[in-house]
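Hi,

Here is the structure for you to look through. Please open it first, then read my notes below.

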Amino acid sequence: MNGLNTILIVLGLFLAGGVYSFQKQQMPKSVIILLAIGSAMCLAAGVLRIQGMWE
């Protein structure tokens, strides 16, 4: 596991926390959806890099 994997996973978890926080604050749905998509993409990229499927 290298630094980029760790950064992607930490960023994904940070964005997931933002989704939860924004939803509790009743932010616009479009902002929540964009944040959720970004979180999912970062987490997926980090996991795929760890598994060696995406270099």
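What follows is a short tour, from the whole chain down to single residues.

Keep in mind that this is a predicted model.

**Overall build**

The protein chain has two helices and zero strands. Its C-alpha atoms fill a box of roughly 40 × 15 × 10 Å, taken along the principal axes. The chain holds 55 residues, and 24% of them are buried. It exposes about 4000 Å², with carbon and sulfur atoms supplying 72% of that area.

Now look at the contacts. Take those between residues at least 6 apart in sequence. Of these, 61% join residues at least 24 apart.

**The core**

Which residues make up the largest nonpolar core? There are five: L15, V19, I32, L35 and C42. Two elements each give two or more residues to this core, namely α1 (3–24) and α2. Helix α2 provides the largest share, with three residues.

Leaving out residues up to four places away in sequence, L35 touches L15, G18, V19 and F22. L15 and V19 are core members, as is L35 itself.

Start with S39, in helix α2. Its relative accessibility is 5%. Buried means under 20%, so S39 counts as buried. With residues up to four places away in sequence left out, S39 touches G12, L15 and A16.

Next comes N5, in helix α1. Is N5 buried or exposed? N5 is buried, because its relative accessible area is 4%, again under the 20% cut-off. Which side chain makes a polar contact with the side chain of N5? That partner is R49, at 2.9 Å. N5 also touches G46 and I50, on the count that skips residues up to four places away in sequence.

I33, I37 and M41 make a nonpolar surface patch of about 310 Å². I33 is found in helix α2, which covers residues 29–50. Why is I33 called partly exposed? Its relative accessible area is 49%. Exposed means over 50% and buried means under 20%, so I33 falls in between.

Best wishes

Note on methods
Residues are numbered from 1 along each chain as its sequence is written. This is a predicted model: local features need pLDDT of at least 70, side-chain atom pairs count only at pLDDT 80 or more; totals for chains, interfaces and linings use all residues. Side-chain values use heavy atoms; hydrogens and water are left out. Patches are made of residues with over 30% relative accessible area and no salt bridge: like charges are joined within 9 Å, nonpolar side chains (Val, Leu, Ile, Met, Phe, Trp, Tyr) within 5 Å. Accessible areas come from the Shrake-Rupley method with a 1.4 Å probe; for residues, only the protein chains shown count as cover. A salt bridge is a side-chain nitrogen of Lys or Arg within 4 Å of a carboxyl oxygen of Asp or Glu. Helices (H or I, at least four residues) and strands (E, at least two) are DSSP runs, numbered from the N terminus. Buried means under 20% relative accessible area, exposed over 50%, partly exposed in between (1.4 Å probe, protein chains only). Contact means heavy atoms within 4.5 Å. A nonpolar core is a set of buried Ala, Val, Leu, Ile, Met, Phe, Trp, Tyr and Cys residues joined through side-chain atoms within 4.5 Å. A polar contact is a pair of N or O atoms within 3.5 Å; within protein, one must be able to donate a hydrogen and the other to accept it, and residues adjacent in sequence count only if both atoms are side-chain atoms.
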